Amino acid sequence: MSQTGASEPRDPHEDERPRMRAVVGSTRIEEEIFGRAFDGRVVRRIWEFVSPYRRKVWIAVAAVLVFTLSQLTIPLLISVAIDRGMVPGAPNGLLIGIVALFALAIGVNYIAALVQERVTGQMAEDVLFDIRRKMFSHLQRVSLSFMDKTEVGRLMSRLQGDVNSMLEFLETSIQSVGDIALLIGIVAVMLWLDWQLAVLVLLVLPVLFGVRVLWLTKARAAFMAAHEANSVTNGALAEAIHGVRAVQAMGRAPLNAELYSGLVGRTYRAQLRASKLAQIMIPIVDSLTGIAMATVVVAGGLMVVSGRIEVGVMVAFLFYIQRFFDPIRSLTMQYSVMQRAMASGHRLTEVLDVEVDVTDAPDAVPLGPEDDGSVEFRGVTFGYDPKHPVLKDVSFRVASGERVALVGPTGSGKSSSISLIHRFYDVQEGTVLVGGRDVRSVTQESLGRHIAMVLQEPYLFTGTVMENIRYSSHWASDADVIEAATAVGAHEFIEAMPGGYATRLEERGSNLSLGQRQLLSFARALVADAKILVLDEATANIDSYTERQIQKALERLLEGRTGLVIAHRLATIRNADRIVVLQQGRKIEEGDHDALMAQKGLYSKLYDLNYASFDDLPEAVTDADRAAAT
Amino acid sequence: MTAPQQPAAPAERAFRRTAEIDSRQGVGAVARITRMCFRYPWRAGLAFAATVPAVLMQLAIPVILGRAVDSTLAMGGDSPDVRALVLIALTLLAASVLRGLFTLVQNYAAESVGHALAQDMRNAIYDKILRLPFSFHDRTHSGDLITVGMLDLEGVRMYFSTALVRTLLLTLLISVGAWMLLSTNLVLGLFALSFVPFAAWRSSVMRLTLRRTWLILQEKLGVLSQVMEENLAGIRVVRAFAASDHELAKFDVASKDALDLSHQRIDVRVRNTSAMTLAFFAAMGLVLLFGGRMVAAGEITVGTLATFLTFMTILQMPVRQLGLMVNAYARASTCGTRLFQLLDMPVEIDDAPGAKELEVTEGTLRLDNVGFAYPAAGDRRAVSGISFEAKRGETIGILGAPGAGKTTLMHLIPRFYDVTEGAITIDGQDIREVTLASVRQAVAVVQQDSFLFTTTIENNIAYAAPFTEEGRIRGVAESAQLHDYVLGLPQQYRTVVGERGVSLSGGQRQRLSIARTLMMEPAVLIFDDSTAAIDAGTESRIRGALRDYAKDRVTLIVAHRLASLKHADRILFLEDGRVVEQGTHEELLALGGRYTALHDLQMHRDTDVPDQTEDAR
C-alpha cells in the first residue's frame, strides 16, 4: 500500500517552468455538458424520432396520470375508512366496501405502473437505438472530408454518451408529467379536504422549492468539480496503463506515483465536498417535513377537537405531507437532465445535419460487367476547399488492362486522384470517367464493385480471417476466399494460425504482422474481383523478406485488371506500363520509364537521387512541398 | 514496425468484466474490504454510531403521530388542550430534525470512509501497475486494467455505505420496528409486515438478475461500439468497397442484440417493482380491513392504526433497498476479487534484497550465454546462447528476419524481462543484482512503437528528466533532427501532441522518441528498429549528430536497412534466436552467407551503393 501522501514532487529548481514539465495525465477538455434548458430546434429534431412512437407516448402519459390518480386516492380512502367505516355503529359492510375500493385502487395502480414504466422504458430505448442508427447510417454517406476532420473518439462519444443522455431525458420527461400531476393533485386534494389547514401546511412548499433550487446551483458546481477531478485522475491512470512501458523504460515510476497521489488527493477532497453537499439536503427536508407535520398536529388537532374536520382528514394530511418531497426532488433534477439533454441533442443534430455532398444522381445507372476497366481524367480540377485546389487541370487515361503508376512527392495530389476515381469527392471542374462513363452518372454502389481499392494502411476488422477476406463480397464462397488467399501467398500463414480461416483477429489484426495484414487486404481486393484495382502502396519500411512476398502478391493481384498504383517502390514503378508524374497538383510528365529518364525532368531527378523509394526523399523537401500544397 | 514477435501470451482474463467471471465470487474479498474499512476507525465508528439514533428517530415518528391522533380524539370538544398538542408537535419536530441530522452524519461518515479507502486503493493500484513487469502487461488487456482501476474501485468504494452501514440500518429498522408492531398487536403486526419477506426476496432476485444482465448488456454494447468504431476508423475501406449496406447489416445485428436484452431488463425491473408495490399495498389493505374492525370493536385506537400505516410507509423504501444491499455485497465481492488479484500480483522483476546501485565505470556491456523463453512459450526459447561484449564507444548492429529474436534480446538488457539462462552484466555487475532503477537509468531503449504522452513536446522530450534545463531539450531535439520541425509548429515546443493533441507522422514520432531517449544519457543506448519510418537522409544526419554522443556509451542498433548498420563496429546476424553470423560489414560480406544474401536483396535499390544500381537492374 502506498503511503506517499500528498508530498510535493522533488524539484531542484525554484522557478515555475521546469516544475510544470512534470505532469501525469492531461486536463481533459470535455465537451460542454449543460446547454440551455430548452432549445426548440433541438426538441423538434428529437420529436422527429419520437413521433413514430406517438401512440406509445400517449399511452404512457395516460398511464402515468392514472397511476398518479390512484396514488392520490389511497390516503383518501384511508381517511374515509377511518371516519366512516370504523366509527362505532357503522354498518359492517361499509368498511369492506371501502377496502374493496382500496383493492381496486391498488389494482389500477399496479397495472398503470406496469404499463407506464414498461412502455416508457422500452420506447425510450427504441428511440435511442433509432437515433443511433440514423446517425450511423448518415455517417456512412457524409463527405469523407468531414470524416477526416473529425476524430473517431469524438464521434463515438456522440453515438454513445450523447445518445444516452437523450435516453435519460425521454424517460424522465414522462415521469415529470406524473410528478407535476402528483404535486398538483396533492395540493388540490388538500385544499378540497380543508383549505385553511392546506394553506397552512402548503406554506412550507415554496420554502422547500426555494431551498432546493438554491442548493442545486451550489451542489451542481461541487458535483461537477468532483466529476472533473475524478475523470482527470482516471485519465492519468489510463495514461499510466497505456504508457507503462515508456514510463518504466524512462524510470518515471516513482515521480509519477507522487504526482498521481496529488491528483488522487484532489479528487478525494472534491468528492468529500460533493458528498457533504449531497447530504446537507437531508436534514433540511426532514426539518421542513417536520414543521409541516407539527402544523397539522397542532392546527389539525384543534380543528378535529372543534369538530371542523374529522380525524381521518388529519391522517390523510399526514400521509400527503410525506409524499411532498419526492416530486419536488425529481422536478428540480429534471432541470439538469434537460440541460444535459439539450447540450447532447445539439451535438447529435450537428452530426445529423452534416451535409451529404456526394449522392447518386436521380437518373444514375449501374456500371455493369459489360463496361470496360478504363479510367480517364479529363481536365480535372479539385480541392477539398475549392479555393485551394490540390489537383489542377489534370488529364490522363488508363486503358482497360493497362498498368499505370502515379508518382510524385508528398502533397502532389496522388491520393486525391484515387479518391476521385472512387467518387469519394466530386470534382470542381472536368470529368472523371470509369468504364467510359462519368462517375457522377453511375450509382456509387456499382462503382464500388467496379473498382477494388487497397489502401496504404491495411485495415482489418474484428472477426475471423474468412470474414475479413470476404468482407462485403457476399457472393464469394469459402473456396473463393481460400483461392484468393492462396493466390496472394497468405494461405500458408493463415493455415498455421490456431483456427485457420476461422481464427478471430483481435483488435484489428494486431496479432498479425504488417506484412501479413497487407496480404490479407490484397486477398480481400482479389475476392472483390473488380475490373479496376486502385492501390496505394505502403510507404513503411518493411523488411526485405516481407517486401518480396508483397511484390509477388501484387503481381498476382494486377493480373488481368486495370491497375492504377500510387507507387513508392522503384520495383513497382519500373513494372508499370506507364508512369504519370504529379507535382503540386499538376501532371508534369507522362510516359514509360525510359521515356521519362530521357526527358530529364522531375522523374529522372528523383530517380537519380537514388533513394530506396520515392518516399524516402529527405523530409525537408517533402515538408516544404506539403506546406506549398496546403 | 514488424509483427509482435512474441508468442501471443494467453490473455489474462481474470481482470475482464464478464458475466461469466462475475459469477465466481469469493467471500474472502468482502472480509478483506471490511477489514480495510476499519483502517478509519473513527469515521467508521461514527457512521455506525449515528445509524442507531437515526433509526430510532425514524421509528419514533409513527408512534408520535399515533399519539397525536389519539390525544386529539381524547379531548373534549370544548376544552382543547393546546399545550398537549404543541408538546406533541414539538416532539415530532425534534424527532424529524434529529432524524435528518443523524442521517446526515451517518451518510457523510460512511461515504468519507469509502472515499478514503478509494484514495488509498487508487495510489496502490497505480503503484502496482507501474511496477508490474512487461510480461504482465503483455498478457493483460489494457482496457481490463482500466476498468479494474475505475469500476472495480467504485464497487469497493461503495461497499461501506451501501453494504455495511445499510445492513445495520435495515436490520435495526426492520427488527426494532417489527418488535414494536408485534408487541403492540400481534395479528395486525403480522399483517403489516406480511409484505416484507416477499419484497425482500423479489428485490434481491431483481437486483442480482439486473446485475448479471447488465454485464451481459455491456458485452453486447461493447460489440456494438466496436462495430461502430471500426467502421468509423476504417471508413475509407468501407467506402472503397461500397460496403455501407454490409456495415449497416452488421450494425443492425449488434444493435438488435443489445436492444432485445435491454427490453428484457426493463421487463424484469418493471415486473418486480410493480409486484413489490402491489404486495405492499395489499398488506396495507389488510391492515386497513382488520385494523378497522378492531378500531370499530374498540380493541385498538385510531392512533394505533395510524401508527401502523405510517410505519408501513416508512418501511417500504428500506425493504426495497434490501436488494441494493445484497447487490452491494455481490458487487464488492467480484470487484474486490479482481482488485486484490491485481494488488497481490507478485512483481517478478524487482530489486533483489539489499541490491545496490549499479556503478558504471568502464561502461562495458557483456552478455554471457544469454537465453530467454517467454512464460507462455514453454521451453521454446526466443533467444539462446547469445554472448558478446561491447565497450564504451562501440556500436553493435543487430540484424535478422522478423521473429529472429532481435527485440526480445534488446528487452533483456534494460531488464524489461529477466533472462532465463546466462547473465547480462554491466561492468561486471549482474543487472539482476543491482537496483532496477539504476539499470533503467543506465540502459535506454528507443522503442519500436513509442508511446507519446498527451502533453507538450517539451514535456515529452524531457520525460525522463523533467527538471532539466530548457537548453538541453533543444539540444537533443536538434540531434534527433526534430528541432526544425518543432519550430514550424504553431506553439513550437509547447505544442500538445499525443492522443488528443497534434498527430505526428511515424517518422516524427520516432524522432521525438529518439530525442527523449537521448535525454537520459545512458551507458547503453539501444535503437530497437526505431528508424524504420525515418527516411535514409534524415537517419544519416541523426547518425552524424550522435557521433560524439556515441563515444561515451555502448550503442546497439536493430534495423532492417543495411545502411543503418553497416558502420557498426560489429554486426550480429540473428536467426531463430541465435547468432549465426557476426563481424564487420566487410567481414560478413566476405563470408558470403546470409548477410551477403540480404545485402544482395537490398542492393538493387540500395541507396548507399549508387554505382551498383545499374547492375542490379
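The contact between the two chains takes 155 residues from chain A and 163 residues from chain B. Keep in mind that this is a predicted model. Putting the chains together buries about 14700 Å², and carbon and sulfur atoms give 65% of that area.

Now the specific interactions. Between chain A and chain B there are three salt bridges. In one of them, the side chain of B:Arg99 meets that of A:Asp286, with 3.2 Å from N to O.

Which element of chain A gives the most to the side that touches chain B? That is helix α10, residues 253-305, with 30 residues. By residue class, the side of chain A that touches chain B splits into 81 nonpolar, 45 polar and 29 charged residues.

Next, chain B by itself. Chain B has 617 residues, and its secondary structure comes to 23 helices and 10 strands. How much of chain B is buried? Buried residues make up 59% of the chain, where buried means under 20% relative accessible area.

On contact order, take the contacts in chain B with a separation of 6 or more. Of these, 80% are between residues 24 or more positions apart.

Last, the surface. Chain B exposes about 23700 Å², with carbon and sulfur atoms supplying 56% of it. For the area buried between chain A and chain B, the carbon and sulfur figure was 65%.

Key. Residues are numbered from 1 along each chain as its sequence is written. Chains are lettered from A and ligands numbered from 1 in the order in which they are written. This is a predicted model: local features need pLDDT of at least 70, side-chain atom pairs count only at pLDDT 80 or more; totals for chains, interfaces and linings use all residues. Side-chain values use heavy atoms; hydrogens and water are left out. Helices (H or I, at least four residues) and strands (E, at least two) are DSSP runs, numbered from the N terminus. Buried means under 20% relative accessible area, exposed over 50%, partly exposed in between (1.4 Å probe, protein chains only). Contact means heavy atoms within 4.5 Å. Accessible areas come from the Shrake-Rupley method with a 1.4 Å probe; for residues, only the protein chains shown count as cover. Buried area is the accessible area (1.4 Å probe) that two parts lose on being put together, summed over both. A salt bridge is a side-chain nitrogen of Lys or Arg within 4 Å of a carboxyl oxygen of Asp or Glu. Ala, Val, Leu, Ile, Met, Phe, Trp, Tyr, Cys and Pro count as nonpolar, Asp, Glu, Lys and Arg as charged, and the others, Gly among them, as polar.
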